[in-house]
Structure formats: C-alpha cells, structure tokens
2 protein chains.
Amino acid sequence: MGGELMSNNKQVVLKHYVTGFPKESDLFLKTATVELKIPHGCNGAVLVKNLYLSCDPYLINHMKKVEENYADSFTPGSPIVGYGVSRVVDSSNPHFKKGDLVWGITSWEEYTLIKSPRNSIQNQETDDVTFFTVPGTFCKILHTDVPLSYYTGILGMPGMTAYAGFYEVCSPKKGDTVFISAASGAIGQLVGQFAKLMGCYVVGSAGSKDKVDILKNKLGFDNAFNYKEEQDLNAALNRCFPNGIDIYFENVGGKMLDAVLLNMNLHGRVAVCGMISQYNLDQPGGVHNLACLIIKRIRIEGYVVNDYYHLYPKFLDKVLPLVKEGKITYVEDIAEGLESAPGALVGLFSGRNVGKQVVAVARE
Amino acid sequence: MGGELMSNNKQVVLKHYVTGFPKESDLFLKTATVELKIPHGCNGAVLVKNLYLSCDPYLINHMKKVEENYADSFTPGSPIVGYGVSRVVDSSNPHFKKGDLVWGITSWEEYTLIKSPRNSIQNQETDDVTFFTVPGTFCKILHTDVPLSYYTGILGMPGMTAYAGFYEVCSPKKGDTVFISAASGAIGQLVGQFAKLMGCYVVGSAGSKDKVDILKNKLGFDNAFNYKEEQDLNAALNRCFPNGIDIYFENVGGKMLDAVLLNMNLHGRVAVCGMISQYNLDQPGGVHNLACLIIKRIRIEGYVVNDYYHLYPKFLDKVLPLVKEGKITYVEDIAEGLESAPGALVGLFSGRNVGKQVVAVARE
C-alpha cells in the first residue's frame, strides 16, 4: 500500500461511566493516529476534520451507565460523541464531497472516519436510540456567511431546540408573559429573543451578575434575576411577574419549577427542555406543587429536538435573516483546543460558561 | 303576611376552616327553618328541594382557607355548597317551573332558595371563581328513566369529567395501554370503561380487595391491584404493564405519579384530574422523576371539567344509551340522610366509599 498520509489524532476519551457530578478526570486526552484518506474498500464513508464541538448538558446522560431503552451510553475507552461542525476531507460517499461543511453528530477528536454517514437530520427517526452515540447524522452547511461555530448553537441543535420548544410546544401569543430559566444559555437566550419578537413580556433567570447583565442589556429581556442571590424564588417570580406567568421554558427543574408552579396563570404552559439541576443528583429533588396543575389547567410537556428536525428548513428561513440583519444576537463562550474540552464540558454543570459553550478544535 | 308554609330545613354547616385532614367534627348539623315558597318581591328566584348530594374530593379545597384567586372558600357558619340533584318546588324564574328536576350547584340542606339561578352549565365561564361556592348553576334533567342519583355521578360532573379527561385530554387511540389510579371512584370507573370501549388495555389501582374485585369482575378492567398491598409501586406497574403505559389518568398524585413516570412510554400522556393523596398534607410529597418527561416526551395536563361543559349534550348523547343498554356500569355508595353527610364526605379521604359517594337527602 504505502504512501498513506498519517496524522496524529487527538481525542477526548471517556475514562469510565460517570456517577454523580462529572469531573474533568472522568475524561482524558489521548493521541491516536489516523490515515487522512478513506481506507481502500471502504465505500460510502467520509473522513471529516472536526472544527467546532458543542458542549451540551445532555451529554452527561450518555456518560453515565444508561439502563433505559431510550438512550445509549458512550463507550469507556472511546472518544465521546456529540454535535459539531466539520469539514469533509475525503469521501467515498456520493452525498458528500471533499470540502463540504457539515454539522451533526461527530466524535470528540480531530478527525473522524464515518463509515455510514446519514445526510438526514431532517428525516430523523424520532426514536433512533443510536442517534446520540454513533457519529454520522449530518446536515450540510449551505450558508457560510455567518460564523461557522453558529452551527453548534443558534443555527444548529440549540437553535432548533429553542424554535421547536417555543413555537411548537409553548403555544405562544402576543402579550404572553414568559419566564426562562438558564436564560443566558445556548437555548434560553434564543427563546427569550423569539418571545420578544412575538411581543411577549420576557424574564430570565441566570446564575451570575454578568449573565443577568447580558440578559437585560444585550439580549433585550424585560427583566432578569440571579437565582443564587434570591432567598425566595417564589418572591422573586412574584416580583417579576405581578400578573403571573403564562409560559415557562424549563431548563433547570427542582426548586425553580416548584416556585414557577405557584406563579403560573390559568391555562399556563411549561415546555420542559432540560432539568440541568437534576441530572447529577443521586435522588432528584422533589417537586411539591404539582396540584397547581389542576385548578390552573397547566400543561407541562417534555420534548426532544429530534422530533422536530423536519422543521429545520423552515427554521433556517426564519432565523438566518434575523441573524444576518442583527435582529438576533448570540452569545458564545469558545474554548480553544481539545485540551480545554473536558473543562468546558464539566463547566456547564457549575454554570462556568457565559452563553453557548463551544470548543474550537481547529480554526481553518 | 301570614299563611306561609314553613318547614324545618336541616343543614350541613362548616364549623371552621379545615386544616390538614378533614374530620366529621369540622362540620355540624343545624336545623333552620325555610318558607316553602318564593318570598314576595323575589323575582327570578327558585326554591329547590335537594334530593341527592354529591361527595367530591374537590370540596375539601373550599373548606380550607383559600388564598388564591382561582377559588373561593365556603363560609364558616353556612352550609357547604356542592353538586346535587334537586326538584324545583317554587319558581319566579321564567326558565324554571315547579316540578322541574335539575342537577348543578346547590347547598347541603333540605331546601335551598336560589335568588339568581343560571340555567347555564353548558355555557359556563371557565374562570368564574364563584361557580363552586355560590348555589345556582343548574342544568335541567330531561331524561328520568335512569336513577336520579346518576346525575351526581355518571350523568353529571364526574361523568363529564371522565369524558373530557379521557377523550379531550388523553388523546387516546385503540390499543393504548391505560392506567387509572383511584380507579373504582366516581370518575376512574368511567374512564376505565370508556378506555375498554375504545379497545385499550386498562389497569386500575384501588385501596382494598373489594375495590380490586369490582374493577376486575364488574367493570371489565384487564387488571387491577391494591396499592396498599404493594411494597413497590414501580414493580407493580412494571408487572401490569410489561410494554409500558401510554396514558395515565391521574387521581392521586405523589408516590404513584413518581412510579408511573418510570413506566411511561414515549409520547405518553397524563391527564391530571385530581391528586387526592396530596390535598390534606401540610407539605405535599415531592415528585422526583419529572426528568422522565424530557426523554420520553411526556405531556402532563391538568384540567377542570368546567372548561368542557359545552360538550355536555354530546356527552349525554353518547353515554345515556350506553347506560340504558347496560354497556356501562356505575357503582354508587349511597349514604342515607343529611345526618350521614359529614361522615360520607370525610370518608372519601380514607377511601371508605366503594364507588361514587352520594348522600340521599330525600327519596321522593
């Protein structure tokens, strides 16, 4: 054979299944090698160079030992898998050619060989349990006049999650009062801006003074508070929503949900996007005020973005112009290099990131 | 004036606001007097003789001191107010005449003078906070070839609640697996039979061997269990639902909801009709498994029958023939006389009743 172009391939590898809160030491950096072309006889494959990786809270669920039918675990000893932006560097697949930019599911490493890529994020089977753990579900990037990292955020999964959750789950209308927890995060910051564009009154909670400032002064929220500085979340919500909450966009769970339930209006709606406060607890905190659901006729609905990717073209038609015209802002927190990836990922669970946490693997 | 026909009027009076679990001594019997005709100058009024009173768990919410905007409290020193079946004995209202039978909101006493009756249960304002505490919202009874007490149950509020909850909130389809808690109660027994008629697999929980026998042998449930005899509710549900639960009709809350969440299927639906296990606790029990909502895409929706009374004619068209043809069964637990009313009402919260708890005030 001879003549192969070999390269080092830095990887972020899962050391062991995580229990409790994730630590940087649950992951380790490893340098493997990779051939920079598709191996002979490997038809239908693509080799991608990973440019940006997306740090998302859901990843922790796959770093734990999963017993459920609905999800798979990552494999200890192998790189973890998640959303990213990549460039095709070699292809034996008719749907992808060298130079194509894609976003979708890749591995946390410099280069990833994908034997059976699926150009199918819009036709995603909603109960495909391998989606999150097997690299290869991609969507081609056709618009490159925006920062490429945006395809891990505002123009990728978090953007689509915000769009589906707000427009499809929350049943919003002009004048609604909207509360968003983890509001400066990858998804919350967009939900708030979508709600403002619709003419809603929007309040967010976040975990630092800086984040609250961003919500109020950069993202156009009507009000915001630092939940860590509030003695009584019920009182904080009551202060911000004297006329009650019509829509709650739930990212955190636990005590915040309990306080929100007390402040919801008749026929209120709760879209449950995440419950980051609960993921790493041995025994999740109890929610005590669910009896409010009855007399207030509240609907709480959990959702997963995969059920809504068929709307991605419609989403892009709406959001891309807003981004280009500066009518939507997106705050990113970009960590440089794979070496910084474990810290960036673990930092999500202490709220270290300000805005969407991205890892820049390679800036071309 | 002279010549008035006076009568004793036994009443069930709220002694004081209830705290914690209700006791019979929170109520007392009082004998007042009543004139058996509409007083002069009282235009638009009706005088009704109460025949059957309905013991419903929601009543406890009005026996407590209510701080919310959404509900009113009953008045200590006055008779409590609830659903019942009554006969008009005098009327100065053009919409009602002497002899009419009605079901709707009346007082717990032998005779009730209603100054402004509303013949409007089908046009009920959904956020009328006086609905439950001010007698006078009535619906005329046109079909009397069924037991009149049924208008406190299968043909009244509980029937309509079961109908709206199952057909309008649960989004049921043939083949769905359906779990119902408090399944032998006024509402649960109907939901189970509606689900069987649709071709669902139906399991109920109840609090005694007798009730479980009724579910399995009289009401046609596929399976049933006594939750008091189960060490592990999760295991009990897993045993009854090896393929998971598509629909949960929630009447109890707390630990049962937590166990159900672990056993729900993807895109499962929970209609929250009541949470009787929680109403009398100082601190409601915590529900810990709400993170299941996300990955399983579960919808939980609280509802109140008042939002659905516009469907009452449609409901009656469907259910009345089923009742007359014996295709639906209804189990009632009838206590005789107002003297038995406090015990009957309080008994709901220990599960003393078997089937719909009714108080027969007068059998004509």
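A cavity is a set of points, on a 1 Å grid over the protein atoms alone, where a 1.4 Å probe fits but cannot get out, and its lining residues have an atom within 4 Å of a point. The views show a predicted model, in which local features need pLDDT of at least 70 and side-chain atom pairs count only at pLDDT 80 or more, while totals for chains, interfaces and linings use all residues. Residues are numbered from 1 along each chain as its sequence is written, chains are lettered from A in the order in which they are written, and side-chain values use heavy atoms, without hydrogens and water.

**View 1. Lining of the largest cavity.** The largest cavity holds about 50 Å³ of space, a volume being the space filled by probe spheres set on grid points joined across faces, edges and corners. Chain A residues in the lining include Gly254(A), Met275(A) and Gln278(A), and chain B residues include His288(B) and Leu290(B). The lining has six nonpolar, four polar and no charged residues. Ala, Val, Leu, Ile, Met, Phe, Trp, Tyr, Cys and Pro count as nonpolar, Asp, Glu, Lys and Arg as charged, and the others, Gly among them, as polar.

**View 2. Lining of the second largest cavity.** This cavity has a volume of about 40 Å³. Among its lining residues are Val287(A), His288(A), Gly253(B), Met275(B) and Val287(B). Six of the lining residues are nonpolar, five polar and none charged.

View 3. The structure holds zero disulfides over all chains, a disulfide being a pair of cysteine sulfur atoms within 2.5 Å. The closest cysteine sulfur to that of Cys200(A) is in Cys170(A), 9.4 Å away and too far for a bond. Cys200(A) has a relative accessible area of 3% and is buried (buried: under 20% relative accessible area, exposed: over 50%, partly exposed: in between; 1.4 Å probe, protein chains only).

Notes. On a 1 Å grid over the protein atoms alone, a cavity is a set of points where a 1.4 Å probe fits but cannot get out, and a pocket is an open set with protein on both sides within 12 Å along at least five of seven lines; lining residues have an atom within 4 Å of a point.
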